[in-house]
Amino acid sequence: MNKETTITRGQLFLLIMKFEIGVDILSLPYRIHLLSKGGGWISVFLGGFLIQLIILLCWLLMRRFPSSSIYQIVTLIAGKWIGKILIIAYVGYFLLMGTSVLVNAYGVINRWMLQDTPRWAILALFLFSSIYLVRQKLRIIARVLVLISFLVLPMMVLISYGIKEINLLYLLPMTEAGWPNIISGSTETLMAMFGFEFFLVVFPMVEGSSGGKLKSVALASAVVVMLYAFTVFICSTAFSPQQLDLMPEPVIYLLRSIPLGTMDRADFLFLPIWLISIFGAICGYYYTASYGISYLFKQKHHKKAVPYVVLASCVIAYLPHQKENLELISTIANRSAYFFLMILPLLLLVLSYILKRKEKMI
Amino acid sequence: MAPTNHAFSELKMNISYVEQSLYYTDDLKQQSLLFNGVQSVLLYIDSLVDQEIIQTHVLTALNGQADSEIYPLFTTLESRKDTDLQNGIDSLIQGKCLCILDGNPEFYILSTEKMYVRNTTEPENEGVIRGPHNGFIEQLSVNLNLIRRQIISPSLIVRYFNVGEKTHTKIAVVYLQDVTNPALIEEVKERISSISSDMVLAPGFIEEFVEDNPFSLFPQQLSTERPDRVIANLMEGRVAILAEGSPSALIAPVTFFAFYQSPDDYHGRWIVSSFLRLIRMMSFVIAFTLPAVYIATISFHSAILPLELAHTIKKSLQSIPFPALVEAMLLELIFEVLREAGVRLPSRVGQTIGIVGGLVIGDAIVRAGLVSYTMIIVVSLTAISSFLVPSHEMSSAVRILRFPMMIGAALFGYIGIAFGLVILTIHLCKLENFGSPYFAPVAPFRLKDMKDVWIRFPIWALRERPHDARPQRLNQQKFSRSWKKRE
């Protein structure tokens with residue numbers, strides 16, 4: 001593998017971190033609150049633990065094929081034709097995930113910053129900039145995304161301004177919702193943490209041992225869990241439970257209520273930063289999808305597939321006119337994630353053991 | 001006459017051959033003289049030679065001696081024997097003088113060039129407060145001399161190239177053999193030798209011929225007239241390209257941040273230098289985002305402003321008939337026009353421009369109700385910030401950059417600015433020159449090289465050369481302050 005297409009483990013760490021902090025950081029405290037009330041932060045940790053298990057599962061599969069991406073693995077295990085179908089399915093999944101993030105991002109922009117700007121204009125903004133980024137070599141994409149991932153820092157600084165407002169009593173009673181609800185609340189965290197699947201595709205392109213790569217991915221997820229737990233904690237202590245019931249995006253409300261020096265609306269500062277971060281996540285999905293397509297058509301470079309992928313995603317995001325349909329996209333994407341990230345890898349792993357399919361070490 | 005290269009034994013034929021080859025140009029002079037009874041002639045181009053050299057070194061030598069060989073006579077001049085007339089003609093147009101003897105197919109080429117040498121004064125647009133005050137001039141040999149005087153090392157290599165089919169411009173590629181990456185040297189040499197053009201004007205032509213990304217807004221080679229800047233960059237394992245007739249050296253590969261490093265940084269105290277460098281980086285951001293942020297704030301997100309400030313700004317905007325974008329564009333364009341008008345005017349007329357621009361337009365345009373006071377403040381701040389860049393090319397790039405940013409801000413508010421910044425970042429990360437990343441050490445991120453980017457660490461802490469040019473040896477100093485331990 002030539003040097004132009006590899007990335008380092010440090011880059012992998014930051015990239016995975018970047019992808020996992022997605023749209024959901026804005027609404028996670030609310031959605032978790034609905035289920036697990038004051039025990040929200042416990043749910044986040046539980047979800048984080050589940051994520052580690054899923055990552056471990058995927059890694060066990062990837063480890064058996066150190067120089068193949070998920071696309072090659074499905075062909076190796078399931079054979080040519082089923083493999084092709086599975087590749088298309090994975091491409092579809094990544095495309096759908098990207099689109100769901102895009103739709104959510106558009107929703108936030110529309111609600112909070114640009115109420116009157118038509119949808120096509122904002123989508124066009126995403127369209128051109130993501131085509132420009134995703135067309136580059138993986139190494140350059142990684143460089144850009146590493147820079148974007150540093151934006152987590154200002155985001156967290158802004159959120160931590162909420163510390164001034166916290167009231168720990170709001171957390172009590174901690175197990176108000178009961179353990180079953182707290183556990184089912186952890187699935188919300190799972191959904192918010194999707195994005196690590198990027199490593200299914202780039203795994204062979206990362207330098208280093210496969211154990212080291214696992215460490216990067218696992219560590220990134222752990223950091224994100226900490227950040228999510230922090231965010232949930234701040235939001236559920238800064239707002240009373242009754243207030244939280246009414247706020248679908250508590251993080252923005254939080255920032256809105258804090259005057260920041262001469263700035264009356266810190267959310268206007270937060271949202272563009274958040275949006276760039278989201279843009280990075282979307283591009284990650286587009287890259288994985290384009291890579292899949294280029295693999296399917298045996299193209300050397302993913303470049304040619306990019307415009308189609310991005311255009312398809314933007315068209316899907318443009319079509320629905322009802323709010324329900326928009327939400328449907330994310331629901332489908334999140335539901336299918338369970339299949340593509342848990343059931344299918346598990347199935348493949350078992351199959352690879354049964355069929356004794358394993359990549360020969362070169 | 002048939003084209004031939006070998007000189008004739010007959011003097012007349014030689015002379016007429018030379019005359020014909022130079023199309024009977026009027027400044028070709030011939031001076032006949034008798035040497036040991038042999039008819040001989042001195043041929044030279046009047047406008048290129050130093051008459052004094054011919055008088056003192058050639059004519060007196062030839063007249064004073066008799067009964068001796070001619071060749072040993074030119075002891076005080078660089079001279080050589082040749083028989084190829086084509087060589088003779090090439091030497092003639094370089095300012096040399098031919099001495100041809102009748103009955104002899106050999107002739108002598110004497111170095112009698114006249115050089116008009118300007119003083120190596122400090123370049124006007126790259127002045128420093130402390131540090132050396134000399135600069136390159138239009139003559140290659142002097143420039144190389146300035147470099148060689150300061151890097152006294154056998155590993156400093158100069159490679160000459162002649163480019164330009166008609167102009168035969170002499171180009172020198174300078175590098176350090178044991179520091180610079182060999183692949184880089186090969187790449188530079190290959191790109192320079194593949195230049196095929198009738199004319200090569202340095203440095204602009206060379207820059208455009210060899211750069212990697214011709215469609216980028218950003219300059220990809222650092223052009224400097226300061227020997228110390230060239231030397232510092234050579235020591236970092238980069239290559240300098242100098243050309244006859246140009247006082248600018250091109251340095252490749254460079255990173256984006258090289259344009260923000262001034263030679264002054266290394267002569268001042270490091271805390272002060274770091275502070276100045278931070279100011280410069282800040283001014284880079286201000287120079288292309290401030291008008292955009294202002295436009296976005298007043299036309300989309302005025303809620304971000306505290307109430308009192310919002311009132312003040314709204315009041316000043318009340319009588320303005322244009323949207324913020326038009327207002328900003330108008331003022332920015334006026335500023336650009338004034339700047340361009342001021343650049344080439346003599347300084348006495350330049351003052352008039354200052355008065356017309358600053359007082360008349362600046363004040364009157366507000367009174368006329370075309371532009372608001374706040375916009376004047378924003379545009380002036382931007383203008384000043386854009387001039388903080390120590391490199392002229394980068395400063396121009398940044399000035400252009402703010403127009404798309406303004407449009408983005410007018411269309412999408414802060415979101416537009418955010419996307420503008422993202423696209424800019426992607427572009428900077430994408431750029432590579434001569435195989436080195438342009439945006440290093442930020443992308444690819446390398447903490448170790450940050451020592452000389454945002455702030456300047458003390459010199460003794462800069463133990464390693466920057467990594468972006470992939471030098472052969474990273475280490476550039478050992479611990480110079482070991483005496484400190486003894487205390």
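This is a predicted model: local features need pLDDT of at least 70, side-chain atom pairs count only at pLDDT 80 or more; totals for chains, interfaces and linings use all residues.
In chain B, helices H8(B) and H10(B) cross each other in the right-handed sense.

Helix H8 of chain B covers residues 270-299, and helix H10 of chain B covers residues 324-343. Their axes come within 9 Å, and the crossing angle is roughly 155°. Angles over 145 degrees count as roughly antiparallel, so that is the description for H8(B) and H10(B). Which residues meet? From H8(B) there are B:Pro291, B:Ile295, B:Ile298 and B:Ser299, and from H10(B) there are B:Ala324, B:Leu325, B:Ala328 and B:Glu332. By class, this contact has six nonpolar residues, one polar and one charged.

Now a helix pair in chain A. Helix H5 of chain A, residues 80-112, packs against helix H15 of chain A, residues 306-318. The angle is about 50°, and the axes are 9 Å apart. H5(A) and H15(A) are therefore oblique to each other. This crossing, too, is right-handed. On the H5(A) side the contact is made by A:Leu95, A:Gly98, A:Thr99, A:Leu102, A:Val103 and A:Tyr106. On the H15(A) side it is made by A:Val309, A:Ala312, A:Ser313, A:Ile316 and A:Ala317. Sorted by class, the contact of H5(A) with H15(A) has eight nonpolar, three polar and no charged residues.

Next, the sheets of chain B. One is an open sheet of five strands, in the order E1-E2-E4-E5-E3, with antiparallel pairing. What are its edge strands? They are E1, residues 28-35, and E3, residues 79-82, each of which pairs on one side only. Ignoring direction, neighbouring strands in this sheet are turned by 25° against each other on average. Inside the sheet, strand E2 (residues 38-45) and strand E4 (residues 97-101) of chain B pair antiparallel over five bridges. For a specific pair, take B:Leu42, whose bridge partner in E4(B) is B:Cys99. Helix H1 of chain B, residues 11-21, packs on this sheet and touches E1, E2 and E4. The direction of H1 makes about 10° with that of E2(B).

The other sheet is also open, with five strands of chain B in the order E6-E7-E9-E10-E8 and antiparallel pairing. Its edge strands are E6, residues 156-163, and E8, residues 222-224. The twist from one strand to the next averages 25°. How many bridges join E6(B) and E7(B)? The two pair over eight bridges, in the antiparallel sense, with E7 covering residues 169-176. Among the pairs, B:Arg159 has B:Val173 as its bridge partner in E7(B), and B:Leu156 stands opposite B:Leu176. The hairpin of these strands has five residues between them, and in it B:Gly164 takes a positive phi near 95°. Helix H5 of chain B, residues 182-193, lies across E6, E7, E9 and E10 of chain B and runs at about 175° to E7(B).

Let me look at one residue in this sheet. B:Val158 is in strand E6 of chain B. Is B:Val158 buried, exposed or partly exposed? The cut-offs are 20 or more C-beta neighbours within 10 Å for buried and 12 or fewer for exposed. B:Val158 has 14 inside 10 Å, so it counts as partly exposed. Leaving aside neighbours within four places in sequence, B:Val158 is in contact with B:Leu144, B:Ala172 and B:Val174. B:Val158 and B:Leu176 are 18 residues apart along the chain, and their C-alpha atoms are separated by 8.9 Å.

A second residue, for a loop. B:Arg446 is placed in the loop between strand E12 (436-437) and helix H15 (483-486) of chain B. With 15 other C-beta atoms within 10 Å, B:Arg446 is partly exposed. Not counting residues up to four places away in sequence, B:Arg446 touches B:Ala440, B:Pro441 and B:His467. B:Pro466 is 20 residues from B:Arg446 in sequence and 9.7 Å away in space, C-alpha to C-alpha.

Last, the contact between the two chains. It takes 22 residues from chain B and 23 residues from chain A. Which helix gives the largest share of the chain B side? That is helix H14 of chain B, residues 414-430, with 11 residues. The chain B side divides into 18 nonpolar, three polar and one charged.

Terms used:
Residues are numbered from 1 along each chain as its sequence is written. Chains are lettered from A and ligands numbered from 1 in the order in which they are written. Two strands pair if DSSP finds at least two bridges between them. Helices (H or I, at least four residues) and strands (E, at least two) are DSSP runs, numbered from the N terminus. Axes are lines fitted to C-alpha atoms, for helices over the stretch in contact, and angles run from 0 to 180 degrees between N-to-C directions. Two residues are in contact if their C-beta atoms, placed from the backbone, lie within 7 Å. Angles under 35 degrees count as roughly parallel, over 145 as roughly antiparallel, 65 to 115 as roughly perpendicular and the rest as oblique. A crossing is left-handed if the near helix is turned anticlockwise from the far one by less than a right angle, and right-handed if clockwise. Ala, Val, Leu, Ile, Met, Phe, Trp, Tyr, Cys and Pro count as nonpolar, Asp, Glu, Lys and Arg as charged, and the others, Gly among them, as polar.
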